[in-house]
Amino acid sequence: MNKKIIALTISASLLITGCATTTSQKIEKEEKEVVQVEKTQENEESQKEEKKEIDLQKVKPNEAGQVMVLMYHSIGEPEAEFTRTPENFRKDLNYLYEKGYRPISLKDYVAGNITTEAGFTPIVLTFDDGWQNNFNLIQDEKGEWVIDPDCAVAILEQFNEEHPDFPLEVTFFVNNNIPFGQKEHLAYKLKYIVEKGMDIGNHTATHVNYKNTDAQRIQKELGVIVKLVKEYLPDYEVNTHALPFGSRPKDKGLYKYLASGSYEDITYNNVAILNVGWDPYKSPYHTKFDPLSIHRVRGSDLQKYVQGVGMYDWINHFEKGNRVRFVSDGDAAVVTIPENYKKVIDPQKTGNKEIKTYVLEK
Ligand SMILES: [Zn+2]
């Protein structure tokens, strides 16, 4: 097992005044008001302090640690390499919740806007291919269209209702074979996702293998999806991209088009490009963090498919200390790290944030 971890590490390319009142009454009243004002100020101050002051030795924040960007595809039966059953997906969410992981949006991850509660670890949830079972509508007994309780959107919403401290943050990477299947419900689905604060990402028009593509083809593949979503959501910007098959063009000179380009009257600018596997990725403040080559981890526990590098394996590795997990300080404006991690923090990536270091007592 250790050999595997070492090999992976090496190969990983990857928040009223009355008129008749007497003077004494007036004074009494004014005194009361003064006391009230003072109390309000005290409350505000103690709230501020509560937010900022965490017990570093207890919480052990490390915002130089790693983050899992989880990759899912189909949610259905039976369980397979690219299919997670609704039951297993619920199990994954429960496990993540119990182990202290909390979703943030992919956009917040790459922007380093970490709003995760102090002591908890951010994760990013992603779904590829726009399967109908990611967001499925079914007819109830009265013939009304309702959200299928076993589709990914319903499972995530229900989990968020039961666990309000597990934010509803997820990105669905879609293709042009009618995202989520039901053409007549496409407008409803796209609007629903964005109104609820979830995201839509680009997985190319035809699920292309970029290997032998040219500049024109790449821009068309990405532009078509941006254009499609704009038709329904003129103000929403699709600016995250998951590489189909995790492939890139042979010609490295074409990589720039994976990030930005134009097609017809559309221009796109991807702030994140996601690879396929197989390990947790760097802190967004890390000197080597590359938002245009983000590694992902499979959301599964079936060894046949995850081969020792699935979500459950990595949670285990984090707990054993084989890898260091990102632990939030609970303050998006401050980057807190143990002193010895200072050298891996890039001040250009932390921007206006305050960098706070501390020495962890053994
Ligand atoms: Zn795909």
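This is a predicted model: local features need pLDDT of at least 70, side-chain atom pairs count only at pLDDT 80 or more; totals for chains, interfaces and linings use all residues.

1. Let's start with helix α4, where the buried residues are F89, D92, L93 and L96. Looking down the axis of α4, these buried residues fall within an arc of 95°, so they line one face of the helix.

2. What sits on the face of α4 turned away from the buried side? Two exposed residues are carried there, E87 and E98.

3. What do the buried residues of α4 pack against? Their partners are strands β2 (74-75), β3 (83-84), β4 (101-103) and β5 (121-128), along with helices α6 (152-162) and α11.

4. I also checked the length of α4, which runs over residues 86-98. After α4 comes G100, with a positive phi near 90°.

5. Helix α11 (residues 311-320), one of the partners of α4, is itself mostly covered, with seven of its 10 residues buried. Which ones are buried in α11? They are M311, Y312, D313, W314, I315, H317 and F318. A glycine with positive phi turns up after this helix too: G321 follows α11, and its phi is near 90°.

6. Next, have a look at F172, in strand β8 (residues 171-174). Is F172 buried or exposed? F172 has 27 other C-beta atoms within 10 Å, and 20 or more is the cut-off for buried, so F172 counts as buried. Leaving out residues up to four places away in sequence, F172 touches F127, G130, N134, I193, I200 and G201. Of these, F127 lies within the range of β5 (121-128), the strand listed among the partners of α4.

7. Last, the hairpin. Strands β11 (residues 260-263) and β12 (residues 266-269) pair in the antiparallel sense over four bridges. Which residue of β12 stands opposite Y263? That is I266. Two residues lie between the strands, and E264 in the turn has a positive phi of about 50°.

Technical notes: Residues are numbered from 1 along each chain as its sequence is written. Two strands pair if DSSP finds at least two bridges between them. A residue is buried if 20 or more other C-beta atoms lie within 10 Å of its own, exposed if 12 or fewer, and partly exposed in between; C-beta atoms are placed from the backbone. Two residues are in contact if their C-beta atoms, placed from the backbone, lie within 7 Å. The expected span of a helix is 1.5 Å times one less than its number of residues. The arc is that of the directions from the helix axis to the C-beta atoms.
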